[in-house]
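Open the chain in a cartoon view and keep the selection panel at hand. The stops below go from one part of the fold to the next, with what to select and what to look for.

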Amino acid sequence: MSQAEPLGPAEPSRADGEPPAEPSPADEALPAVAPQLRELRRRASLTLEAAARTAGLSPAHLSRLETGQRQPSLPMLLALARIYGTTVSELLGETVADRDSIVRAAAMEPTRAGGWTYWQAGAPGRGMQALRVHVPYGAQGDIVRVHPGEEWLYVLTGRLRLRLGDTAHLLGPGDSAHFDSLTPHRIAAADRDGADLLFVHTLLQSPATALCLGGPTQGEST
């Protein structure tokens, strides 16, 4: 008969009903965003109450984010960037060298991870990332992914099996899909020659999401 584990000390209550913050590696890696949060909210002509309500936060919580008393989580950053009509890069205070970028085919160096091949088709460091992807047959087809953001894909060649939640789809050349990345999804090539697709995502630019599908960083495989 197993013994019950002793209860730990009770956590202090919060006046606004929110649980105490727990530090995480993701939070510690984020730069100070408080100045940008307040400035971008004012630029969007939103009151603290209106912005907090739209983001699903309490005004007290958003106030603490704007004064640097708390660090926002990655999903919060994505939500606030959408509300303020900006990119996560700008919200983090990052400077993008060129607002408009042309990417030449010769400059697209392939990156391989987990059997897939990626070509960067857009400028790095933006809130929206574009890639050309080759999905070989039998690679990563059993990996289910769930993460903040949105994804759009367009099949160039071959056929693609896409499972969104409990629904399976077979996509051919010219077919596309646009979905919330929090929907559990799985992508695999349906034919032995693999499939090629264009892929656009709004994943946060962090080490965990340096590559779009499954989030491996360069040199790693899932």
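Select β6, β5 and β8: in this order the three strands make an open sheet with antiparallel pairing. β6 and β8 (185-189) are the edges, each with a single partner strand, so one side of each has no neighbour in the sheet. From one strand to the next, the twist averages 15 degrees. Strands here are DSSP runs of E with at least two residues, helices are runs of H or I with at least four residues, and both are numbered from the N terminus. Two strands count as paired if DSSP finds at least two bridges between them.

The model is predicted: local features need pLDDT of at least 70 and side-chain atom pairs count only at pLDDT 80 or more, while totals for chains, interfaces and linings use all residues. Residues are numbered from 1 along each chain as its sequence is written, and side-chain values use heavy atoms, with hydrogens and water left out.

Stay with this sheet and select strand β5 (residues 160-164) together with β8. The two pair in the antiparallel sense over 5 bridges. Pick Leu164 and look across: His185 in β8 stands opposite.

Next, select the other sheet, which is open and has 6 strands. Its order is β1-β2-β3-β9-β4-β7, with antiparallel pairing. The edge strands, β1 (110-113) and β7 (176-180), each pair on one side only. Neighbouring strands of this sheet are turned by 25 degrees against each other on average, with direction ignored; axes are lines fitted to C-alpha atoms, for helices over the stretch in contact, and angles run from 0 to 180 degrees between N-to-C directions.

β1 and strand β2 (residues 116-120) run antiparallel and are joined by 4 bridges. Show Thr111 and, opposite, Tyr118 in β2.

Strand β4 (residues 150-157) is joined to β7 by 5 bridges, and the two run antiparallel. Glu151 stands opposite Phe179 in β7. Which residues of β7 lie on the covered face, and which on the uncovered one? Ala177 and Phe179 form the covered face, whereas Ser176, His178 and Asp180 form the uncovered one.

Move to the helices and select α3 (residues 48-55) and α4 (residues 59-66). Their axes come within 8 Å and cross at roughly 105 degrees. That makes α3 roughly perpendicular to α4 (angles under 35 degrees count as roughly parallel, over 145 as roughly antiparallel, 65 to 115 as roughly perpendicular and the rest as oblique). Show side chains at the crossing: Leu48, Glu49, Ala51 and Ala52 in α3 meet Pro59, Leu62, Ser63 and Glu66 in α4, where contact means heavy atoms within 4.5 Å. The residues of this contact divide into 5 nonpolar, 1 polar and 2 charged. Ala, Val, Leu, Ile, Met, Phe, Trp, Tyr, Cys and Pro count as nonpolar, Asp, Glu, Lys and Arg as charged, and the others, Gly among them, as polar.

Keep α3 selected. Leu48, Ala50, Ala51 and Ala52 are buried, and the buried residues of α3 pack against α2, α4 and α5. Buried means under 20% relative accessible area, exposed over 50% and partly exposed in between (1.4 Å probe, protein chains only). In α4, the buried residues are His61, Leu62, Arg64, Leu65 and Glu66; their cover includes α2, α3 and α5 (74-83).

Ser45 is in the loop between α2 (34-43) and α3. Ser45 has a positive phi of about 60 degrees although it is not a glycine. Its relative accessibility is 66%, so Ser45 counts as exposed.

Last, colour the chain by pLDDT, the predictor's confidence in each residue, from 0 to 100. The mean for the chain is 75, and 71% of its residues reach 70 or more. Among the elements, helix α1 (residues 25-29) has the lowest mean pLDDT (39) and strand β6 (residues 167-171) the highest (97). Over residues 1-31 the pLDDT is below 50, and this stretch has 31 contacts in the model beyond near neighbours in sequence. Residues 204-222 also stay under 50, and the model has 42 contacts for them beyond four places in sequence.
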